[in-house]
Amino acid sequence: MAAELHVELVAADRSVWSGEATLVVARTTSGDIGVMPGHQPLLGVLESGPVTIRTSDGGTVVAAVHGGFISFADNKLSLLAEIAELADEIDVQRAERALERAKSDTDAGAERRADVRLRAVAAH
Amino acid sequence: MGAQLRVYKRRIQAVTATKKITKAMEMIAASRIVKAQRKVAASMPYATELTRAVTAVATGSNTKHPLTTEAEAPARAAVLLLTSDRGLAGGYSSNAIKTAERLRERLAAEGKEVDTYIVGRKGVAYYGFRERKVSESWTGFTDSPEYSDAKKIAEPLIASIQKDTAEGGVDELHIVFTEFVSMMTQNAVDGRMLPLSLDKGEEESTEKGEILPLFEFEPSAEDVLDALLPRYVESRIYNALLQAAASEHAARRRAMKSATDNAGDLIKSLSRLANAARQAEITQEISEIVGGAGALADASAGSDK
């Protein structure tokens, strides 16, 4: 059996996903980082963007995180984000509408959020 | 119907109407406690993970950060007080305010100036009435706080702790809120949020026999701490807001339950009085009729002779 690591993806107001995985790829402020079981203890600041989790049963979970942290120690990986959504939960049409609206209102924050959502769906 | 009886009837009616209202408020509060408790539970994973991360950085690196090191001579402290927007919750808000007053006295005795930040209309009214200075206040969300509310509150607090004390910044950050222990018990507590007191975290980790590993920081320990601490403050405030909301509902439920019980007792004793008044009225009417008939009989008997 391949080595596994335990992943907890939590948002400020709920626990979004938890389970076993073989690889987690996330984007920190200094670049993309891939974490596999047995990685050195790590604590990093995440950029807004999609996080890819390759689960131990061969599936892939993609989530959109809006800022936050990645922390890995003791074969447990936690992804903390104020807002985090699974790609399956994202309503593409709504995100597209939000993106257009944000662009016309020049609301940079909303535009970034909508963009992250769409990228997560695209990576799924 | 006699005047006395009418007065009782009217009072019974009024109390019954009040009882209906308090009963409804009790039931609404009871249903909201469960919801609020669920929110507290849902926010726990984030808070615990974040606390773990903060402890890890603060113990696992020698970084000195303004938010983790204690000032040598703290001159000013900020106190964040969480009260409710609405009343009818028994001693909920006044207990929190009393705890804040004690904290203020203690801080003043230590020679610190106190800046007050208030959440909830009740606290604002208390300070407004006494014409005390309030640095900033927020109202309108105490019964169901969102994470964005916590962010809004944390922003000026973090800004003021990052400023130099000479320029009006603060050295310490305290929070006063009502801790939700159980349905029946809620305690107003005060705690220091910043600078972090790490002994507590260390104790906890040694208790569990868990040794915190040496972390690799991405991009650097300073940057991580810079990003982490504001989030930590936000999450602590969010957790406190949620607990305070649950406590508020529990306090309101209890207050409304005793109001409903008292209204029931009042209705019972008033209806006893009303019954006695009705009975007295009937007795009087009978004796008037009997007396009247007796007088008539006497009068007619007299004229016959």
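This is a predicted model: local features need pLDDT of at least 70, side-chain atom pairs count only at pLDDT 80 or more; totals for chains, interfaces and linings use all residues.
Reader: Happy to start simple: how many helices and strands does chain A have, and in what order do the elements run?
Author: Glad to walk through it. Chain A has 2 helices and 9 strands. From the N terminus on, the elements run β-β-β-β-β-β-β-β-β-α-α.

Reader: Does the radius of gyration of chain A agree or disagree with a compact globule, and what is its value?
Author: Along its principal axes, the C-alpha trace of chain A spans about 50 × 25 × 25 Å. A compact globule of 124 residues would have a radius of gyration near 14 Å, so the value for chain A agrees. That value is 15 Å.

Reader: What percentage of the residues in chain A is buried?
Author: Let's take the contacts along the way. Among contacts in chain A with a separation of 6 or more, 52% join residues 24 or more positions apart. As for burial, the share of the 124 residues is 36%.

Reader: How far apart are the centres of the two domains of chain A?
Author: The division puts residues 5-86 in domain 1 and residues 90-123 in domain 2. Taken over C-alpha atoms, the separation of the centres of these two domains of chain A is 22 Å.

Reader: Which strand of chain A gives the largest share of the side of domain 1 that touches domain 2?
Author: Domain 1 of chain A brings 9 residues to the contact and domain 2 of chain A brings 8. On the domain 1 side, strand 5 (49-55) and strand 6 (60-66) of chain A each supply at least two residues. That side divides into 4 nonpolar, 4 polar and 1 charged. The largest share, 4 residues, comes from strand 6 of chain A.

Reader: And towards chain B, which strand of chain A supplies the largest share of the touching side?
Author: The contact takes 24 residues from chain A and 23 residues from chain B. Several strands of chain A each supply at least two residues to its side, including strand 1 (5-11), strand 2 (14-28) and strand 7 (69-73). By type, the residues on the chain A side are 11 nonpolar, 8 polar and 5 charged. With 4 residues, the largest share comes from strand 4 of chain A.

Reader: Which residue of chain B does Gly44(A) stand opposite?
Author: Strand 4 of chain A pairs with strand 6 (residues 216-218) of chain B in the parallel sense, over 3 bridges. In strand 6 of chain B, the residue opposite Gly44(A) is Glu218(B).

Terms used:
Residues are numbered from 1 along each chain as its sequence is written. Chains are lettered from A and ligands numbered from 1 in the order in which they are written. Domain bounds come from an automatic or database domain assignment. Two residues are in contact if their C-beta atoms, placed from the backbone, lie within 7 Å. Ala, Val, Leu, Ile, Met, Phe, Trp, Tyr, Cys and Pro count as nonpolar, Asp, Glu, Lys and Arg as charged, and the others, Gly among them, as polar. Two strands pair if DSSP finds at least two bridges between them. The radius of gyration is taken over C-alpha atoms; the globule rule is 2.2 Å times the number of residues to the power 0.38. A residue is buried if 20 or more other C-beta atoms lie within 10 Å of its own, exposed if 12 or fewer, and partly exposed in between; C-beta atoms are placed from the backbone.
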